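Subject: Structure handover

Hello,

Here is the structure I promised to pass on. Please open it first, then read the notes below.

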Amino acid sequence: MKNIVLIGFMGTGKTSTGRLLANKIGYSFVDSDQKIEQANKMTIKEMFSRYGEVYFRQKECEMIKTLSMYHHAVISTGGGVVINQENIAALRNNGVIIALTASVDVILERTGRRNTRPLLEESNRRATIVNLLSGRQELYSQADFTVDTSEHSPIQVVEKIINYLQKAGALRA
Ligand code: S3P
């Protein structure tokens, strides 16, 4: 059976939803950003500040190729994974793509809790979010299924995803 791949903007709940989903359906869970941090022995924030975004995107692309070869995994990706079509092609090859979305207000609130995202360090975080989102929305819409997480608890989001996967015949029996 295919992997379940979560894509979506920062703060849409990919990691928390992914972990819960994996638990519910008995798949392993893997978070692309965490894997990149482990493999390179530094945080994403450090990587951006030491080597820049282009370097991070290369590491991300390499990691996505590796993770795409997993089986029965829920794969949570970084918000910018969609920028590179190679990533989406690799993930789609062996995975069902689920996009999580959220309103700008919700993204602003959720991403304001921790200061770990180099792209949101600008002083006008709302404008940065709106700007990045407008360039990426179309890319996220390539997903097989989309769930707006703004007004749903993680468990509700997981139920919607499972419902979709069952109907699509994409879950391990
Ligand atoms: C990024 C999102 C982050 C992380 C990096 C870049 C982006 O992941 O990969 O800071 O370009 O949107 P999350 O979506 O898990 O925050």
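One of its oxygen atoms is 2.9 Å from a polar backbone atom of glycine 79. That is a polar contact, meaning a pair of N or O atoms within 3.5 Å; within protein, one must be able to donate a hydrogen and the other to accept it, and residues adjacent in sequence count only if both atoms are side-chain atoms. Taken alone, the ligand exposes 390 Å², and the protein buries 94% of that. These areas come from the Shrake-Rupley method with a 1.4 Å probe; for residues, only the protein chains shown count as cover.

Before going on, a word on the basis. This is a predicted model, where local features need pLDDT of at least 70 and side-chain atom pairs count only at pLDDT 80 or more, while totals for chains, interfaces and linings use all residues. Residues are numbered from 1 along each chain as its sequence is written, and side-chain values use heavy atoms, with hydrogens and water left out.

Back to the ligand site. Which residues come nearest? Of the 13 residues around the ligand, they are Lys14, Asp33, Arg57, Arg117 and Arg136. An N or O atom in the side chain of lysine 14 is 2.7 Å from a ligand oxygen. For arginine 57, a side-chain N or O atom is also placed 2.7 Å from an oxygen of the ligand.

Next, the buried residues. Isoleucine 98 lies in strand S4 (residues 95–101). Strands (E, at least two residues) and helices (H or I, at least four) are DSSP runs, numbered from the N terminus. Is isoleucine 98 buried or exposed? Its relative accessible area is 0%, so isoleucine 98 is buried. The cut-offs are under 20% for buried, over 50% for exposed and partly exposed in between (1.4 Å probe, protein chains only). Leaving aside neighbours within four places in sequence, isoleucine 98 is in contact (heavy atoms within 4.5 Å) with residues including Ile4, Leu6, Phe145 and Ile161. Arginine 57 is 41 residues from isoleucine 98 in sequence and 21 Å from it in space, C-alpha to C-alpha.

Threonine 17 sits in helix H1 (residues 14–25). Threonine 17 counts as buried because its relative accessibility is 3%. Not counting residues up to four places away in sequence, threonine 17 touches Leu6, Leu100, Val157, Val158 and Ile161.

Now two loops. Lysine 41 is in the loop between helix H2 (32–40) and helix H3 (44–51). At 74% relative accessibility, lysine 41 counts as exposed. Its phi is near 50°, a positive value in a residue other than glycine.

Histidine 72 is in the loop between helix H4 (53–67) and strand S3 (73–76). Its phi is also positive, about 50°, although histidine 72 is not a glycine. Histidine 72 counts as partly exposed, at 23% relative accessibility.

Asparagine 3 counts as buried, at 1% relative accessibility. A polar atom of the asparagine 3 side chain lies 3.2 Å from the backbone nitrogen of histidine 72. The backbone nitrogen of alanine 73 lies 2.9 Å from a polar atom of that side chain. Among the contacts of asparagine 3, leaving aside neighbours within four places in sequence, are Leu67, Tyr70, Ile75 and Val96.

Best wishes

Note on methods: Near = heavy atom within 4 Å.
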